[in-house]
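User: I would like to learn how to read the features of a structure step by step. Please give the general idea first and then the case at hand.

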Amino acid sequence: MSAPEKPAAAPHEEPIEALARSLYVTLCSRIYAAGGEKPQPKAVAQLCFKLAETFIAANYEFNPTAIAARVAKDKASVRLDSVHIDFAAVDKG
């Protein structure tokens, strides 16, 4: 009897990339459905990444919930640059 297979873990997605993708799909659906001159898809993608980066930065600057979450995450994380290991003391033991 075989164990049920677990679904593969979803790959980690960067928040800026996810937001840019969402913006790109939305903008392209509106831009290319309308009449008139159309920009190159690559230019739309560049705009979406710039908009996503700006939104994420502003979110951490103005959104109290995002600020609190970032502060809590920073407090919970271990900063390796602040950890000091005295290897000389380890060798003496």
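Analyst: Helices are DSSP runs of at least four residues, numbered from the N terminus. In this predicted model, Ile31 lies in helix H1. Ile31 is partly exposed, with a relative accessible area of 26%. The C-alpha atoms of Ile31 and Pro41, ten residues apart along the chain, are separated by 10.0 Å.

User: How many helices and strands are there in the protein chain?

Analyst: The protein chain has four helices and zero strands. Read from the N terminus on, its elements run α-α-α-α.

User: How is the length of helix H3 checked, and what span should its 13 residues have?

Analyst: The expected span is 1.5 Å times one less than the number of residues. For helix H3 (residues 64–76), with 13 residues, that should come to 18 Å, and the end C-alpha atoms are 18 Å apart, so the two values agree. At the start of H3 there is also a contact to look at: a side-chain oxygen of Asn63 reaches to within 3.0 Å of the backbone nitrogen of Thr65.

User: Next, salt bridges. How many does the structure hold?

Analyst: The criterion is a side-chain nitrogen of Lys or Arg within 4 Å of a carboxyl oxygen of Asp or Glu. The structure holds two salt bridges. One joins the side chains of Glu13 and Arg21, at 2.1 Å from N to O. The other joins the side chains of Glu17 and Arg21, at 3.0 Å from N to O.

User: Where do Glu17 and Arg21 lie, and what is the relative accessible area of Glu13?

Analyst: Glu17 and Arg21 both lie in helix H1 (residues 15–31), four residues apart, about one turn of the helix. Glu13 is partly exposed, with a relative accessible area of 38%. Glu17 is partly exposed at 35%, and Arg21 is partly exposed at 42%.

User: What about disulfides: how many does a search of the whole structure find?

Analyst: A disulfide is a covalent bond between the sulfur atoms of two cysteines. A search of the whole structure finds zero disulfides.

User: Are Cys28 and Cys48 buried or exposed?

Analyst: Cys28 is buried, with a relative accessible area of 13%. Cys48 also counts as buried, at 1% relative accessibility.

User: Last, the surface. Which residues form a nonpolar patch there?

Analyst: For a patch, each residue must have over 30% relative accessible area, and nonpolar side chains are joined within 5 Å. Here Val78, Leu80, Val83, Ile85 and Phe87 form a nonpolar patch on the surface, with about 560 Å² of accessible area together. Take Val83 as one of these residues. Val83 is found in the loop between H3 and helix H4 (87–92). Val83 is partly exposed, with a relative accessible area of 43%.

Conventions
Residues numbered from 1 in each chain as written. Predicted model: local features only at pLDDT ≥ 70, side-chain atom pairs only at ≥ 80, totals over all residues. Heavy atoms only, no water. Buried < 20%, exposed > 50% of the residue type's maximum accessible area, 1.4 Å probe, protein only. Helix = DSSP H or I, 4+ residues; strand = E, 2+ residues; numbered from the N terminus. Polar contact = N/O pair within 3.5 Å; in protein donor to acceptor, adjacent residues only side chain to side chain. Patch = residues over 30% accessible without salt bridge, like charges linked within 9 Å, V, L, I, M, F, W, Y side chains within 5 Å. Areas by Shrake-Rupley, 256 points an atom, 1.4 Å probe, with all protein chains shown as cover. Disulfide = S-S within 2.5 Å.
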